[in-house]
Amino acid sequence: MEKKRALHHLTRRGLLKGAALAAAPYALLSGPQASAQPSLDYPDGEWYPASSANYTVSSRPSAYTIDRVIIHVTQETYIRALNIFSNPEKQVSAHYVVRSADGHVTQCVREADVAWHAGNWDYNTRSIGIEHEGWVDQPSYFTNALYEQSALLTATICAKYGIPRDREHIIGHYQVPGTDHTDPGVNWDWVRYIRLVNFA
């Protein structure tokens, strides 16, 4: 009987030890994405938080009316953009990043908070910023999946806040007063994008 108890104890201990060892590689990979995930504003997305030094905590839409969606292009890879937003020294963020290859959506800042994406405080307070992986002069990054998933995200945001689905309210970063940015650039297909938003 003692022998059986000892064997059971060792086996249980061995199992627990094995489980801990199996989990070790995942612990090594921990980063911002491994932090506790809040309830997402966009359920089909993933949470990868920006540093709290890179946005302003708020209570929108009660603190500020949300009446714009601003379209950006990262000028970086998807993962580098996420890493920039999570770096407290960068002083920049967006609410969402959309990956080129498959349209995967990642949320970095809660919609209630003010992301620092437009370079204009008034526009930051009244908008949701969506970054898209790619470069303005490389249209191959603007894949079907990127357009479709981004349009679905934008349509969801417009429905939630009563934002008209038109070019006056869904704008490019280049349209923000005082900006020196050109994104999303001449290769962004606005006609296609607004059509997708309206049919989403």
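Pro184 is placed in the loop between strand 8 and helix 5, where helices (H or I, at least four residues) and strands (E, at least two) are DSSP runs numbered from the N terminus. The bond that joins Asp183 to Pro184 is a cis peptide bond, and a cis peptide bond also joins Arg60 and Pro61. The model described here is predicted, so that local features need pLDDT of at least 70 and side-chain atom pairs count only at pLDDT 80 or more, while totals for chains, interfaces and linings use all residues. Residues are numbered from 1 along each chain as its sequence is written, and side-chain values use heavy atoms, with hydrogens and water left out.

| Cis peptide bond | Omega | Loop that holds the proline |
|---|---|---|
| Arg60 and Pro61 | about 5° | between strand 2 (55-56) and strand 3 |
| Asp183 and Pro184 | about 10° | between strand 8 and helix 5 |

Another loop, between strand 3 and helix 2, contains Gln75, a residue that has a positive phi of about 60° although it is not a glycine.

The sheet is open and is formed by 6 strands in the order 1-5-4-7-3-8, with mixed pairing; two strands pair if DSSP finds at least two bridges between them. Strand 1 (46-47) and strand 8 (170-172) are the edge strands, each pairing on one side only. Strand 4 (residues 96-98) and strand 7 (residues 127-132) run parallel and are joined by 3 bridges, and Glu131 in strand 7 is the bridge partner of Val97. Helix 5 (residues 190-199) packs on the sheet and touches strand 3, strand 7 and strand 8, a contact being heavy atoms within 4.5 Å. The direction of helix 5 makes about 155° with that of strand 8, with axes fitted to C-alpha atoms, for helices over the stretch in contact, and angles running from 0 to 180 degrees between N-to-C directions.

The largest pocket has a volume of about 330 Å³. A pocket is an open set of points on a 1 Å grid over the protein atoms alone, where a 1.4 Å probe fits, with protein on both sides within 12 Å along at least five of seven lines, and lining residues have an atom within 4 Å of a point; the volume is the space filled by probe spheres set on the points. Of the 22 lining residues, Val92, His117, Glu131, His173 and His181 are the closest to the centre of the largest pocket. Helix 2 gives the largest share of this lining, 3 residues.

The chain averages a pLDDT of 87, pLDDT being the predictor's confidence in each residue, from 0 to 100, but over residues 1-35 pLDDT stays under 50.
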